[in-house]
Amino acid sequence: MALSGVDNLSRMPELKKKILWTFLLLAVYRVGIHIPVPGVDSAALADFFESVSNTLFGLFDMFSGGGLRNLSIFALGIMPYISASIIIQLLNVVSPDLKRLSQEGAQGRKKITQYTRYATVAITLIQGFGIAIGLESMTSPTGAPVVLHAGWTFRFITILTLTAGTVFLMWLGEQMTEKGIGNGISMIIFAGIVAGLPAAIFNTVRLMQAGEITLFLLLFVLAFMVAILAFIVFMERGQRRVPIHYAKRMMGRKMMGGQTTHLPLRINTAGVIPPIFASSILMFPATLANFSNNETLSRISAYFTPSSIVYNIIYVALIIFFCYFYTAIIFDPKGIAENIQKQGGFIPGIRPGARTREYIDRILARITLWGSLYVAAICVLPMIMISQLNVPFYFGGTALLIVVGVAMDFMGKIESYMISRQYEGLMGKGSKIKGR
């Protein structure tokens, strides 16, 4: 009889320890979010963020879990590390040295990770300096300055504090990956987004009490969100399985091959990178408008608000473009075709080599189109409902994709760990019986 999840967990102290480590390190991260950088007027900063929710500040604040709004030691969050990882991946395509390192196994990957850390520190120093300069020019809607005492002392302290905070978060994520369950960087982003859920629930209750939303609308929103979550889970698990046959061949005195397997091609290979890139580009004009009194720039930025038709059309186009672009970077049909040929495999009806590469590339292009349309729909639909129907959504499309993806990965890691330990237990019992 199958054991329940709780019984399995109680019988696996290693898994329980890993889960406790994960939650302990996440608690350390959430405590750090409330430690502010010295020299900033918190009330003036909060008023300023209320007026720039639809700019890059609002996007970065979401990924930092509210740390940028509070200007905490973790204000930059883990975004510099993600940016550095993306830059290294892009350089991996054009740089022969990095490409050679990535093919050298564990030692090469260790070297690339080291380069990523150095790039993270460099990006954090630049962003920290930019934030320090920007804060000195910021004022709340009432005219109160955000920085109490501007100058190089404030800039140095801010740069040092933000850099140390991001480096500590990077270390925290690596420790979470090593000692906990799941990817530590993803878990930090997940925790930051989910941390705003209680405030969203409180805000919804307040709107109901004020009569701004009805009970029927609230039930409709809940049902619709459940349907969206189910659709995301379905699409994230969706894949095209390309059959691969391996011919029989003699290796020494043994007959090898004769197996049939498949090559899984995910519908959404690019993940959440395309909407993040697209949002960053489109929010850039609105961000510049907050630091400029230019009327032309203000009129242009009005077209780049999430409620405008122009914004959503360009947003969908950019998501589709980045889905293809990022998929081409992380997925190499030529390398896969060569590996299949080296191992004596072939796709039924397709010749090995160049024809196999063309076949995989053609299938990938087709499913990426559907994947990009799915990502675009998930990202645009909440914006339309917020702007047109005044629906109190908390999660935007990008946040929904991240939350569901990380939750699925977390549960999948737990399930895999349980299955592996049960399998080891069965093998142990089998060896004892054989020994008798």
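What percentage of the 436 residues in the protein chain do buried residues make up? The figure is 41%, where buried means under 20% relative accessible area, exposed means over 50%, and partly exposed lies in between (1.4 Å probe, protein chains only).

This is a predicted model, in which local features need pLDDT of at least 70, side-chain atom pairs count only at pLDDT 80 or more, and totals for chains, interfaces and linings use all residues. Residues are numbered from 1 along each chain as its sequence is written, and side-chain values use heavy atoms, with hydrogens and water left out.

**View 1. The whole protein chain.**
The secondary structure comes to 18 helices and five strands. Helices (H or I, at least four residues) and strands (E, at least two) are DSSP runs, numbered from the N terminus. Among contacts with a separation of 6 or more, 72% join residues 24 or more positions apart. Contact means heavy atoms within 4.5 Å. The accessible surface of the protein chain is about 24300 Å². Carbon and sulfur atoms hold 65% of that surface. Accessible areas come from the Shrake-Rupley method with a 1.4 Å probe; for residues, only the protein chains shown count as cover.

**View 2. Helix α8 from end to end.**
Helix α8 covers residues 106-137, 32 residues in total. From its first C-alpha to its last, α8 reaches 47 Å, close to the expected 46 Å. The expected span is 1.5 Å times one less than the number of residues in the helix. Buried residues of α8 include G108, I112, T116, T120 and I123. Further along, T124, G128, I131, A132, G134 and L135 are also buried.

**View 3. The crossing of α8 and α9.**
Helix α9 spans residues 152-179. The axes of α8 and α9 come within 8 Å and cross at roughly 140°. Axes are lines fitted to C-alpha atoms, for helices over the stretch in contact, and angles run from 0 to 180 degrees between N-to-C directions. The crossing is right-handed. A crossing is left-handed if the near helix is turned anticlockwise from the far one by less than a right angle, and right-handed if clockwise. Residues of α8 in this contact include R117, V121, L125, F129 and E136. On the α9 side, they include W152, I159, L162, M170 and E174. The residues of the contact divide into 13 nonpolar, six polar and four charged. Ala, Val, Leu, Ile, Met, Phe, Trp, Tyr, Cys and Pro count as nonpolar, Asp, Glu, Lys and Arg as charged, and the others, Gly among them, as polar.

**View 4. A132, a residue of α8.**
A132 sits in helix α8. Its relative accessible area is 0%, so A132 counts as buried. A132 touches F154, R155 and T158, leaving aside residues up to four places away in sequence.

**View 5. L160, a residue of α9.**
L160 belongs to helix α9. L160 is exposed, because its relative accessible area is 52%. From C-alpha to C-alpha, L160 and I73 are 9.6 Å apart in space and 87 residues apart in sequence.

I19 lies in helix α2, residues 13-32. I19 is buried at 14% relative accessible area. G182 is 163 residues from I19 in sequence and 9.6 Å away, C-alpha to C-alpha. I33 lies in the loop between α2 and α3 (42-50). With a relative accessibility of 1%, I33 is buried. I33 and F74 are 41 residues apart in sequence, and their C-alpha atoms are 5.8 Å apart.

**View 6. T356 in helix α17.**
Helix α17 covers residues 354-389 and contains T356. T356 is buried, because its relative accessible area is 3%. T356 touches A337, I347, I350 and R351, not counting residues up to four places away in sequence.
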